[in-house]
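Please keep the sequence and the structure in view while reading.

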Amino acid sequence: MITFTIALIALVLGYIFYGSFVERVVAYDYSKPTPAVAHPDGVDFLPLPTWKVYMIQFLNIAGLGPIFGAIMGAKFGTASYLWIVFGTIFAGAVHDFVAAMMSLAHDGESLPEIIGRYLGLTTKKVFGVFTVVLMILVGAVFVSGPAELLAGMTPDYLDAVVWIAVIFVYYVLATMLPIDKIIGRFYPLFAIALIFMAVGILWGLYYNHPALPEMCDGFGTKYETYPIFPMMFVSIACGAISGFHATQSPLMARCLTNARHGRRVFYGAMVTEGVVALIWAAAATAFFAENGVADAATGKAFTGAYVAKSLSVEWLGSVGSILAILGIVFAPITSGDTALRSARLIVADALHIEQKNISKRLLISLPLFVVTLLILLYSIHDKAGFDIIWRYFAWCNQALSVFTLWTITVYFARTARPYIITLIPALWMTSVCSTYLFVAPECLGALIPQSAYLAPTVGSLAACVALVLFAMWLRGYRSSSK
């Protein structure tokens, strides 16, 4: 428990000290009114209290990642603690916070618009499509887990298929209605359930005091056959860094009334998510130590939903476990609906279609709903196919974080800020995503004979190429600016 406790304290200190440092680096012009104040539209640009914006941002980014992702990442041992702590403080929270402040500075622009502003028009077009596809995948893959949990809590006739249909109907309403009607009204209650879940599991850790591995025991693990690099860094995404978050930051930047609260909302929400991920990584470590990673009778690997439900029931009792499981259910649902809302806004920004009129919102949303529904039907029909979709989503998610980090790095370089603070995470994630392509069986891993050095070498070369290209651009930019 010593390593876990130190990691927990480190996250809090990271928010206080490194978060303050990044805020000074951003040096935002606080005299400028926020988009919600300058031009509210009653639908998406809508002033909300800061505490609500924080709660909504926290739920938007939470999803399945800090729970199920952390549970699966726990198979890599205490290394998962390090990635959650360092990834959150130096990469994820900076990524989320600066993306939000850049959106504020540019009148609430969506992520592809910001990327295009700093990485060029071609990049904007490519990643506009890429981001919309990712948002649709988020809307689809964040249904299965909650539906499975809800089906286990209700009568047999309310199976997972029924709950998938109910959740999808909710998605439609949350995407179409003004942000204060459903999201602004119910998300604070959902956030309370999610926080109760995290606090309850944290209490269970200290009360039960399971024998958790310590840092001095080393980073090896008997639970995972895949190499720790890059698989752990893709498995634990939302609990450390996630490209999806950068699509949600502009969404809530459009509701912020005071830019001085940006660090509290965006950096703070990511650190809170890191705490949730750390708690679940530690709890899953205790579960795997006692039960292994697969059912002894059937040989099937335990799913994240099974581990989360089992721990909640064992540590929190019947009543407490219901509240905890509801918190787990709300997290991905509230990420799925805002993902589709973000997709609508990204398309609207790209096509310059105002969103006050509900018919114009429907014009954009209907194709998004149809594609999402088709993916959901496919996942119901073919469970193995759904697992593949999830892995592609995981890689796409981290690939988007790469381009967001490079965008922020270019922004810092252009404005004479210390770009090194995002250059290092950008290079690291470039290497992670490039290496993943050569390791994962759903990518090139099944086609190319593997060695212990091939994939990491390719990833390192990709990072080196990116660094050289950035250095060439920076040299040219400085020469042209003289």
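Leu-377 is partly exposed, because its relative accessible area is 48%. In this report, buried means under 20% relative accessible area, exposed means over 50%, and partly exposed lies in between (1.4 Å probe, protein chains only). Leu-377 belongs to helix α14, which covers residues 358-381. Helices (H or I, at least four residues) and strands (E, at least two) are DSSP runs, numbered from the N terminus.

An α-helix has 3.6 residues a turn, so residues three or four places apart point the same way.

## Basis of the model

The model is predicted: local features need pLDDT of at least 70, side-chain atom pairs count only at pLDDT 80 or more, and totals for chains, interfaces and linings use all residues. Residues are numbered from 1 along each chain as its sequence is written, and side-chain values use heavy atoms, with hydrogens and water left out.

## Salt bridges

The structure contains 7 salt bridges. A salt bridge is a side-chain nitrogen of Lys or Arg within 4 Å of a carboxyl oxygen of Asp or Glu. In one of them, the side chains of Arg-263 and Glu-23 meet at 3.1 Å, N to O. Arg-263 lies in helix α12 and Glu-23 in helix α1 (residues 2-26), so this pair ties together parts that are 240 residues apart in sequence. Arg-263 and Glu-23 are buried.

Asp-44 and Arg-344 form another salt bridge through their side chains (3.0 Å, N to O). Because Asp-44 lies in the loop between α2 (35-38) and α3 (50-62) and Arg-344 in helix α13, the pair ties together parts that are 300 residues apart in sequence. Lys-124 lies in helix α7 (residues 121-153) and Glu-113 in helix α6 (residues 111-119), so the parts tied together here are 11 residues apart in sequence. Lys-124 is partly exposed at 24% relative accessible area, whereas Glu-113 counts as buried at 14%.

## Helices α12 and α13

How do two packed helices come to be described? The angle between their axes and the distance between the axes are used. The axes of helix α12 (residues 262-291) and helix α13 (residues 304-351) come within 9 Å and cross at roughly 135°. The two helices are therefore oblique to each other. Axes are lines fitted to C-alpha atoms, for helices over the stretch in contact, and angles run from 0 to 180 degrees between N-to-C directions. Angles under 35 degrees count as roughly parallel, over 145 as roughly antiparallel, 65 to 115 as roughly perpendicular and the rest as oblique.

## Buried positions

Of the 9 residues of helix α4 (residues 65-73), 8 are buried, so this helix is largely enclosed by the rest of the structure. Among the buried residues of α4 are Pro-66, Ile-67 and Phe-68.

Thr-409 is found in helix α15 (residues 383-414) and is buried, with a relative accessible area of 0%. Apart from neighbours within four places in sequence, Thr-409 is in contact (heavy atoms within 4.5 Å) with Tyr-419, Thr-422, Leu-423, Ala-426 and Phe-470. Ser-401 also lies in helix α15 and counts as buried at 0% relative accessibility.

## Backbone features in loops and helices

The peptide bond from Phe-229 to Pro-230 is cis, with omega near 15°. Pro-230 is found in helix α10 (residues 228-235).

His-352 has phi near 55°, a positive value in a residue other than glycine. His-352 sits in the loop between α13 and α14 and is exposed, with a relative accessible area of 71%.
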